[in-house]
Structures are given as structure tokens and as C-alpha cells.
Amino acid sequence: MVEAIAKPRDISNDAKSTHVAVLPTRSVWRVRSWCTSKNWSATLASWQSATWPMEVGTAIGDATRVLCIGRLDWLVVCDSRVAEEQMSCLAPSVEGCLVAIADLSAGTASVKISGCNAREVLSVLCGLDLHPSSFRVGQCTRTRLAQLPVTIDCLSELSFDCYFSQSFEKYFLLSIEEVLAGFGYPTRSK
Amino acid sequence: MTRPGPYRLASGGRINRQKPVPFTFNGKTLYGSDGDTLASALLATGCRIVSRSFKFHRPRGVFSAGVEEPNAIVELHGGARSVPQARATLVPLMSHLAANSQTGWPNSRVDALRLLDCIAPVLAAGFYNKTFLWPNWHAYEPFVRQLAGGGNTPTGPDPDRYELRNAHCDVLVVGGGVSGLTAAEDAASAGARVVVVEQESALGGRSRWDGRLIDGFPGDRWVAAAVARMKALKHVRLMTGTAAVGYYNTGVVALAETPDCSSPARESPRERFWVVRTKLVVLATGAIEQPLVFANNDRPGIMLAGAARRYLREFGVAAGRRVMVATNNDSAYATAIDLNNAGINVIGICDSRSTTNDALLAALHTAAIPHWPSTIPVDTIGFGALKAAKLGRLTGDKVRVEHCETVACDALLVSGGWNPLLHLYSQAGGTLGYRDDTGALEATETLPSVELVGSARGYLAAGAATRSTAVQSDTRLTGARIGIRVCPTGNPGRQWVDLRHDVTVADLQLAVRENFSSIEHVKRYTTVGMAVDQGKTSATVAIEVVAHLRHISASAIGHTTLRPPFVPVTMGAIAGAEIGKRFAPSRCTPLHEWHEQRGAIFHDYGEWHRAAAYPTSGESIADAISREQRTVRTGVGLFDGSPLGKIEVHGPDALEFLDHFYVSNLSTLKPYRARYSLMLNESGVVFDDGTITLLDQNHAIVTTTSGNAEIVAAWLEEWHQCEWPNFQVAIIPVTDQWSTIALTGIHARAVLSRLRPDIDISNSAFPHLGVRVCHLLGRRTRIYRVSFSGELTYEINTPADTAQEIWEALISAGESDGLVPYGVEALLALRLEKGFLHIGSDTDGSTIPDDVGWGTVATNKRSDFIGKRSLYLPANQRTDRLQLVGLAGVNDHDMVAGSHIRLRHLREITDGWVTSRGRSGLSNRPIALGLVRAGRANLGATIDIYDAGRVVNQARITSLPFFDRAGERMNG
């Protein structure tokens with residue numbers, strides 16, 4: 001069961017169907033602004049070579065992922081070491097420029113769901129249309145998944161990252177395990 | 001080899017005669033065949049009486065072959081898996097299925113309660129409203145319910161599993177018959193994402209068995225080819241055993257799927273509930289055959305003609321050995337001919353119309369089946385089952401019967417026309433109109449989100465459906481105007497309209513006589529259409545009868561509301577998997593495992609699963625709470641307050657923005673200071689409290705009650721986005737990021753100092769309501785000098801992933817001072833002694849700041865804030881409002897929260913209630929808080945405390961707090 005698993009951990013491992021993994025604590029930052037988007041792009045260009053996503057529901061980046069989860073509202077997810085360095089550089093340069101930065105790393109759980117049935121597993125718990133034609137690679141969304149507020153990032157056709165409050169982790173994993181069992185997928189603790 | 005039942009034909013049908021299926025009905029073992037339904041198997045064995053009627057306990061047999069069945073209502077399985085009110089026509093026969101009639105004493109074949117039929121005139125519509133007046137209805141209710149025989153609810157927890165799924169599509173096709181498959185293939189070929197749902201276990205509808213050619217192919221071959229083509233498309237989902245049960249706003253359709261019916265003990269879920277969001281719904285739902293109304297039209301052996309044809313062609317079962325057919329339309333002719341071709345003695349066919357299609361007459365002539373035009377059944381004869389039918393010749397004006405003839409028969413197959421199934425269309429907002437020529441309720445308008453195809457479009461319109469070649473063959477509903485379907489003569493008290501609820505024409509007459517004119521009122525008075533079949537064979541007939549009685553057109557009557565669900569859905573399916581641990585989301589603090597290891601007792605506080613107390617070995621929870629309470633008062637304790645809501649508000653306007661939400665004046669708040677205040681809604685009602693802290697001019701932090709963190713964050717966001725978008729602020733909830741550890745008690749400072757914080761924590765440098773950002777064990781923390789216990793408290797906020805390290809360090813550092821962890825219950829007892837407000841417990845949906853002693857603060861604030869204007873309403877200015885006061889027990893009896901309070905000098909029904917209760921940690925005397933009428937004006941008064949209408953206790957109204965009035969401990 002979930003309680004017995006230490007991070008990093010898998011609760012299922014069936015490469016042909018769905019793979020669910022609780023990721024080690026990542027660095028997660030919430031960045032919000034109240035200024036105009038044009039200023040934002042210019043400011044942030046100095047931090048990352050690419051422009052930040054400005055369209056709500058889109059995400060860019062690889063090792064460092066920036067999700068635009070609302071108007072002038074981003075979630076920045078990356079490796080802890082890199083994030084601390086980058087965010088510490090970012091903070092002084094943009095804090096005077098109408099931006100708020102909050103570290104949510106310790107309070108955010110991150111679960112990767114991948115495999116050819118990943119969309120189907122997610123759609124059991126979520127009312128959004130997750131069909132590839134509606135929820136494409138590079139899109140993200142804030143929604144209710146298993147009755148919880150969850151941010152879903154579509155990394156590839158078959159891979160999704162889910163972010164939610166860490167205090168819900170047991171409940172979330174319990175829900176996912178039950179769905180996997182409903183599909184008849186084997187679950188395995190590691 | 002199946003033991004053939006007396007009514008099972010030697011050949012024909014789609015069942016597998018080589019595979020017998022044993023089952024029990026009313027305790028008797030019977031055999032059906034693989035592919036049977038329970039109804040077809042019972043018919044094959046010659047079981048005529050399947051159930052008893054609701055009110056008069058008249059014998060009832062199988063009447064239909066589908067969802068409309070009003071008679072063959074049975075109970076399945078029994079025990080924890082008991083399913084009452086199941087329609088035998090929809091139950092696939094499975095090995096060792098156990099079914100019973102669910103009514104009848106001593107059994108359904110010989111039911112002593114049939115005596116009720118002798119006093120039927122007394123039991124007219126609404127009789128229970130008129131007779132069971134003394135002493136009241138509830139005195140009779142158990143007895144009446146027992147008589148009605150509604151079946152038994154499961155005897156234990158449901159052992160089955162249920163699921164809820166979501167799906168999205170461009171086109172949802174409801175109905176997997178020829179019309180539905182044609183429409184689905186058209187849409188899929190155009191690239192649409194298509195879902196096809198079919199209630200039965202196989203696609204194809206009646207084309208599987210009625211023998212017609214479609215596009216020149218036999219029906220089953222045509223269906224197999226269409227299904228194969230669609231299965232090759234990735235974006236088509238075909239779902240059988242799935243009923244569309246309701247249409248809801250914005251294209252949401254609910255489906256109920258029964259995935260596996262092969263065994264009552266199954267691996268797959270018993271039922272799966274689907275929420276489908278679609279752009280277009282195509283209704284290929286078909287139509288339901290309507291009955292004819294004549295005296296004693298309810299006897300076993302009387303069956304819908306279309307159903308008898310299906311039993312013959314799909315299940316190889318004859319409805320009887322001597323069969324009479326009665327109709328008012330063309331469709332029943334095929335039944336008569338098919339039965340005749342199967343070697344069954346068809347006595348004849350009577351038609352209430354005077355003229356009939358020549359081709360049909362020629363076919364009858366070829367089959368040598370007698371034809372009675374302008375003839376309608378008048379009455380039937382039989383006791384347990386049908387023995388003969390009395391047929392009458394209609395006069396030219398169709399208002400009388402002039403010549404009657406009695407015909408011996410054991411089956412009377414009736415057809416009163418066809419009514420399209422338009423429940424989803426109606427639920428989508430479409431209007432229905434009664435058509436005199438078809439005697440049916442049909443769609444009167446087109447909807448952008450719903451399209452009708454096939455016979456769902458109506459009696460005369462089926463030929464104009466989607467693709468001509470396929471659908472023209474599905475033309476059973478085309479034909480001339482139907483004849484009358486209610487016999488003009490006969491005892492109206494014996495003419496059944498609603499077979500399930502025993503509603504007769506006489507009941508409808510009574511309703512109209514008593515001035516019920518609306519069909520909705522007639523429905524509720526007579527209960528017509530309110531049974532398990534929801535009026536699928538009675539609603540249209542009732543409209544026709546009521547229209548006739550009121551001498552108006554049936555189209556002017558309107559119709560009753562076609563509410564979801566279309567077929568019964570189990571509560572388990574609606575709940576899905578959200579039961580037990582998944583009933584609602586639950587949250588755990590980062591220290592949850594530590595609490596578990598220390599033997600904490602956990603309670604749910606809102607979403608949070610929190611340590612209520614830490615009983616030691618052999619200690620009761622009450623003793624543990626009391627011990628923890630005393631230890632905090634006299635020593636030091638540690639509390640996990642991580643669920644405390646925490647919201648960061650950034651931006652140059654942060655403080656001004658927050659000032660609009662709290663009753664306190666925040667403009668004077670200095671950096672690194674906290675202020676406690678109340679938050680109101682627009683009505684001036686207190687809905688949250690917490691502290692507001694300023695870290696710098698651009699950064700404020702508010703705390704909220706644990707259960708309100710998300711609500712307050714959403715509240716701030718809503719006002720920012722909708723009302724005050726010009727405030728330069730950003731709101732970020734951080735509850736989970738920061739764990740809160742409260743170090744409380746007179747030794748708290750000493751314990752904290754042992755962790756060597758890099759700040760001065762003396763009272764002068766770090767006073768009450770101060771806030772500091774510092775390092776503990778090298779970790780960056782925020783420490784608040786706030787207290788909910790009334791003791792010196794350092795609330796240490798640390799990132800959640802460091803919480804356990806700091807918690808354990810504090811436990812070690814406090815060991816020499818006797819530090820103990822304390823739970824939520826001890827904290828609530830401590831705050832009770834101080835009279836601190838607990839939102840939700842000490843307030844309700846009408847409590848304003850003045851009621852809890854904050855009137856002056858709110859009044860003195862000059863700037864505007866949410867709810868301020870409402871505080872000046874006359875109702876909020878009254879002096880006799882309920883006010884929060886202390887209640888000191890005058891004896892040693894505990895008070896009970898929720899108990900009503902009466903002031904002895906007033907004579908009101910209630911003068912308030914106890915909101916929180918407990919015992920003083922030091923004196924061990926019972927204390928409480930209460931909302932009391934004009935409480936502050938009645939300080940010192942003795943009150944009576946009521947429970948269940950009796951005075952159970954007394955208390956004295958006191959001012960607050962009970963303890964440390966000067967606040968020296970908290971400020972020290």
C-alpha cells in the first residue's frame with residue numbers, strides 16, 4: 001500500500017498500460033504578477049532564454065518547466081538545486097517589478113502518470129476532456145482530479161505530471177490505485 | 001440440452017437450446033436457455049403469474065419485452081445483493097439466478113390479499129389521503145407498505161463495486177438500432193468522435209430478430225458489417241448494456257452501464273456510471289408500444305403485440321396456444337402472421353379501425369387469419385389468467401359497442417399505437433405535443449443539441465430519417481391514422497390505465513370530478529405514471545382519457561414531466577468509488593506518522609485527519625485531554641497546528657486590499673507585527689477569523705481557520721478579480737508549504753532558547769503579536785507570538801519538509817520541562833477557558849461582530865470593509881440579539897453543546913444555546929460558551945439548560961474569559 005512506500009516510488013509498473021510514480025520533492029515556485037504581460041516577457045527574458053508562456057493553459061521547458069496556470073500566474077517546476085539558484089537570481093531582479101514569488105516546494109506533491117492508458121486513467125477521475133486532440137502536448141490545466149484541486153501538465157502524448165497539495169498525497173494515491181485496480185492493472189510497490 | 005418449457009418452440013429464436021441455464025423463481029428450480037431474459041424463460045416454462053399488482057393484488061404476467069414493463073416486477077438475488085423492483089424483461093438469465101415475485105401472501109400464485117380487489121371501489125384514488133386521518137398516516141404506513149410488496153432492501157453492506165467514469169465526444173448516439181448505427185457511421189465517417197450506447201446486450205435493436213432486409217441484407221448481417229466498420233475507427237466507442245438515463249445542462253448525458261451480467265458474484269463492477277459531455281446527442285431511442293384499455297385488461301396472458309413477436313422471434317417462445325390479436329394500427333398484423341407461420345393457433349385479429357391496408361388484408365387472407373374490423377376488446381374472462389376475451393363491434397361513431405362475441409383464448413395481444421421515447425429530448429428542453437392521428441407525444445421543435453432519427457421522430461416520420469436505404473426498412477411505425485384505444489363501454493373501475501399502480505379509468509374520472517384539471521395534478525392524485533415504469537405505457541393513455549373526460553383536445557392537456565433517470569440507477573453507481581476512505585478528500589499533516597507512532601487518537605476536523613489526543617497506556621481519551629490541558633497550563637506543550645490556513649498577499653497594495661476584508665483597522669499595522677481580526681461576508685456575518693501579519697510593505701500573510709483556508713483564498717481572489725482588479729496584489733495560498741508548530745506554556749521560552757534561534761526571544765524584544773523571521777537548526781522559519789490557548793506561545797512556521805526535524809528537536813529540548821504533545825481537543829479546552837472564539841462552533845449564519853464582543857472595533861473603523869453596511873441594518877442593531885457569553889456550571893454536571901437555554905424571566909421558546917463546553921483545566925468545574933439572548937445584559941443571571949424538552953442543568957452567565965482576565969500569561 002501507499003503508506004509503505006518510500007520516495008521515490010512506483011505504485012504501478014506495467015509498461016504496456018500505465019506507470020504511476022511519486023516523484024521526489026521537486027522545487028515548485030508560484031510566480032504571480034499584477035503588471036502588464038509585455039513588461040513581464042521582457043523581464044523574464046533575462047532569466048530564461050525562452051519567453052515565458054503567456055497563454056493560460058500552456059507550458060514550456062524541459063528540466064525547468066514553466067506552466068502558465070492563470071493570467072500572469074505561473075508554476076515553475078524544476079530540480080531543487082537548479083531552482084534555488086535560479087529563483088534566487090530571479091527574485092531580486094523582478095520583485096521590484098511587480099511580481100510575487102512563493103516557494104511551494106515543501107507543500108506540493110508531484111506524481112507522474114505515464115503509459116498508453118495514462119489519459120484513460122486520468123479521465124476516470126477528471127471531468128475534463130483529456131483526448132489528445134483537446135489536451136495536447138505542451139498544455140496544462142488546473143482542474144479537479146479525484147475531487148482535489150490538481151494541476152496537470154501534458155509532457156508528451158503518454159506522460160503527465162500532476163501537482164497538488166502535499167497533504168492530499170495519501171488520498172490521491174489511494175484514488176489512483178483504485179482506478180488502476182479497476183482497469184485490472186497490476187500495482188507494485190518499490 | 002435444455003428441458004424445453006411448454007411454450008418453448010422447437011426451433012427459432014436466437015437462444016442456444018444446447019446450453020440450459022438453471023434458475024430459481026419463488027424457490028422453484030426452472031431452466032431457461034442461454035440468451036434468454038428472465039421474462040422469456042418464465043414465459044417458456046408456462047409461468048403466467050409473475051407478480052401481483054400494487055394495490056389490489058391482482059395476478060399479473062409478463063406484459064412487454066423491454067424497459068416499459070409494468071407487471072413482471074421481481075426481486076433478485078436476495079441478501080446483501082438484493083435488487084427489488086427489477087423488471088424481468090431486462091434481466092439477462094444467468095446461471096443460478098434467484099428471483100421472486102416480491103409480493104403475495106402466502107405466495108404470488110395464491111394470494112390471500114386478493115380480497116382487497118373485492119373492496120376496490122373503496123380503495124379509489126387518494127383513499128389514503130381521505131381515510132388514514134386518525135391518528136395519522138404514519139400509524140398505518142408500515143402495514144400499508146407491507147401490503148404493497150415493494151420488495152426487500154439489501155440485508156447488509158453492498159458487496160459489489162461501482163465505478164464512475166467520464167467521457168467526451170462530438171456525437172453521442174443513444175440507441176444502437178439500425179437508425180442509430182446509421183447515424184453513428186455517418187458522423188464517424190465525417191471525423192467526429194462518436195459514442196454509441198445501447199441499452200441491450202447487443203447492437204442492432206429489433207433488426208436482429210424481426211427478419212426484415214436492410215439494404216438487401218438480413219438484419220444481423222447488416223448490423224455485423226456496420227459494427228465492424230465502426231470498430232475499425234479509433235474515434236468510435238460502442239457501448240452495450242448501457243442506458244442513457246438523463247440529459248443535463250451543457251450537453252451532459254448520464255449513462256448507466258452494466259458491464260457484466262454473467263454472475264451475481266463478479267469481478268467487474270456491478271454498475272458503471274458515465275458522465276458524458278457531448279456536442280450533439282442523436283436520439284435513436286425508438287418507440288414504445290401502447291396498450292388498449294378495456295375491462296380487465298390486466299390479466300396474465302394479455303401482452304403487447306410487439307412484445308409477443310419479439311418473444312417468438314428472438315427467444316422462440318409462444319405467448320399462448322390460442323392467440324387473439326387486438327389492435328388499432330398496422331403494426332400488430334405482422335405479429336399475427338408470424339405467430340401463424342410458427343404454427344400457433346391465431347384465432348383472429350380485431351382492429352378498432354373500420355378500414356385496413358389492402359396488403360395487410362391480403363397477407364391475413366393468405367394465412368387464413370380471420371379479421372374483425374371495427375372491433376375492440378370489451379372485457380376478458382379468467383381468474384388466475386386469461387381464459388377468454390369478449391370482443392365488441394363498434395358503432396360507426398365509435399362511441400358504443402353494439403354486438404359482443406366471446407372468444408376463448410389464452411393470449412390476447414394488444415397494440416394501441418407507438419409512442420416515441422423522447423425523455424432525453426424533453427430533458428434537453430424540447431417540447432412535446434400530442435398528435436391525434438398517431439395518439440403519441442411527439443417532438444414539436446428542433447433543438448441545436450439534439451437530433452432525432454428513426455422512429456423516435458414519430459409515427460409518420462420514420463421514413464425521413466438519416467440515410468434513406470437503411471431507415472426506410474425500419475418503417476414499422478408508418479401507416480394510417482390509428483383507431484380508438486379506449487373501449488367506450490365497460491366498467492371503468494376495471495379498465496386499467498396504469499397496470500403497476502392499479503390506476504383505472506374510474507380513478508381518472510374521480511380526479512377530474514374532484515376538479516384536478518392539470519395532468520400533473522391528476523398524476524399526483526391518482527399516482528398514474530408514478531410506478532417503477534414511470535408511465536411508459538400509461539402516460540399517453542392517461543392524457544387521452546383525461547382529455548375525453550374534460551371534453552377538450554388531448555393536445556391541450558400537455559404532458560407530465562419526463563424526469564431522469566430513464567431507468568432506475570443504483571445509488572452505488574451514482575456514488576461510484578467515492579465511498580469509504582474515498583468518500584471525501586482527506587488531508588494529513590507532515591507530522592502524521594510521528595503522531596501515529598506516539599499512539600495519537602485521530603479525529604476528522606473538516607478535511608484534516610488530526611491528532612485529537614495522545615493517551616498513554618491505559619489512559620482514557622478524556623483523561624488524556626485533561627492531562628494535556630493541565631500540562632500546558634502548568635508546564636509546556638507542543639501542538640501540530642499545520643492545518644492553520646496561510647495565505648500570502650504580495651504587492652504594494654497588500655495591506656490596503658486586506659483592510660477591505662477585516663473589521664480591524666489594518667492601516668496602522670507595522671512590519672513584523674500581527675493583528676487578530678474578524679472577516680465578514682456581505683451580510684455582516686462573521687465567517688472567518690485569523691491574524692494579519694506584515695513582513696514588509698509588499699508582503700502580508702493572513703491566517704485563517706483550518707477549514708476555511710481554501711474558501712478565504714477564493715474569497716480574496718474573487719473580490720480582487722471581480723470588484724477590485726486595480727489593487728496591485730497577488731494572492732498565493734501557502735497552507736501546505738508551511739507547517740505550524742505551537743510551543744505553548746510557561747516554559748516555552750526556555751525550551752525554544754535551547755534550539756538557539758538567531759534572534760532575541762525575550763518578551764521585550766519579541767512581544768506578544770510580534771513576528772520574526774529567523775533560523776532554527778539552520779532552517780529558515782517564521783515565528784509568531786500569537787496564542788489560541790492563553791499561554792505564552794511561539795508558533796513556529798517552518799517549511800513542511802523540515803517540520804519533523806524541528807518538532808523532534810523541540811520534544812528533546814523540552815524533555816527536562818516535562819513537555820508533552822497535545823492534541824486538538826486539549827487546545828479547544830484551553831481556548832474555551834480563555835473565551836476565544838471558534839468560528840463555526842461559537843458562531844452561526846447570523847452572528848455579527850457585536851454578538852461576539854467586536855461591535856466597538858467594527859463601529860470605530862472609519863474605512864469601508866465588506867459587511868460594514870449590513871451592520872447598520874435594524875435587525876443588527878437590536879439589543880436582544882444572541883450574544884456570546886460564558887456559562888459557569890452551578891453544579892458538577894457537564895453541559896452539552898447544542899442544548900437550548902432559557903432565561904427564567906423571559907418566556908421565549910428559546911433564548912439561545914450552548915455553543916462549546918468543557919471543564920476548566922485548573923478548577924475542573926464545568927464551563928461553556930453560549931449564544932444567549934441579550935447575554936451581556938444578563939450577566940449573573942441563572943439559566944435553565946434544556947435537552948429533549950426537559951431542564952437538565954443550570955448555569956450562571958458570566959463575562960469572559962474564565963481564566964487570566966488580564967492576559968498576563970499570554971503576554972508574559
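Predicted model: local features only at pLDDT ≥ 70, side-chain atom pairs only at ≥ 80, totals over all residues.

Biologist: Which residue meets B:Asp117 in a salt bridge?
Modeller: B:Arg58 does, at 2.8 Å from N to O. B:Asp117 sits in the loop between β7 (97–100) and α2 (127–131) of chain B, and B:Arg58 in the loop between β3 (51–52) and β4 (59–60), so the pair ties together parts 59 residues apart in sequence. Helices (H or I, at least four residues) and strands (E, at least two) are DSSP runs, numbered from the N terminus.

Biologist: Now the interface. How many salt bridges are there between chain B and chain A?
Modeller: The count is 3. In one salt bridge, A:Arg32 meets B:Glu717, at 2.9 Å from N to O.

Biologist: And how many residue pairs are in polar contact there?
Modeller: Between chain B and chain A, 23 residue pairs, both residues at pLDDT 80 or more. A polar contact is a pair of N or O atoms within 3.5 Å; within protein, one must be able to donate a hydrogen and the other to accept it, and residues adjacent in sequence count only if both atoms are side-chain atoms.

Biologist: Which strand gives the most to the side of chain B that touches chain A?
Modeller: β8(B), with 5 residues.

Biologist: How much area is buried between the two chains?
Modeller: About 3100 Å², with carbon and sulfur atoms giving 52%. Buried area is the accessible area (1.4 Å probe) that two parts lose on being put together, summed over both. The contact (heavy atoms within 4.5 Å) takes 39 residues from chain B and 36 residues from chain A.

Biologist: Switching to helices. How do α6 and α7 of chain B cross?
Modeller: The axes of α6 (residues 305–315) and α7 (residues 332–341) come within 9 Å and cross at roughly 35°. Axes are lines fitted to C-alpha atoms, for helices over the stretch in contact, and angles run from 0 to 180 degrees between N-to-C directions.

Biologist: Which residues make that contact?
Modeller: Among them are B:Ala308 and B:Leu312 of α6(B), and B:Thr335 and B:Leu339 of α7(B).

Biologist: Last topic, backbone. Where are the cis peptide bonds?
Modeller: One joins B:Pro564 and B:Pro565, with omega about 0°. B:Pro565 lies in the loop between α13 (539–550) and α14 (571–575) of chain B. Another joins B:Leu960 and B:Pro961, also with omega about 0°. B:Pro961 is in the loop between β49 (950–958) and α24 (968–971) of chain B.

Biologist: What is the phi of B:Asp502?
Modeller: Positive, about 55°, although B:Asp502 is not a glycine.

Technical notes. Residues numbered from 1 in each chain as written. Chains lettered and ligands numbered in written order. Heavy atoms only, no water. Salt bridge = Lys/Arg side-chain N within 4 Å of Asp/Glu carboxyl O.
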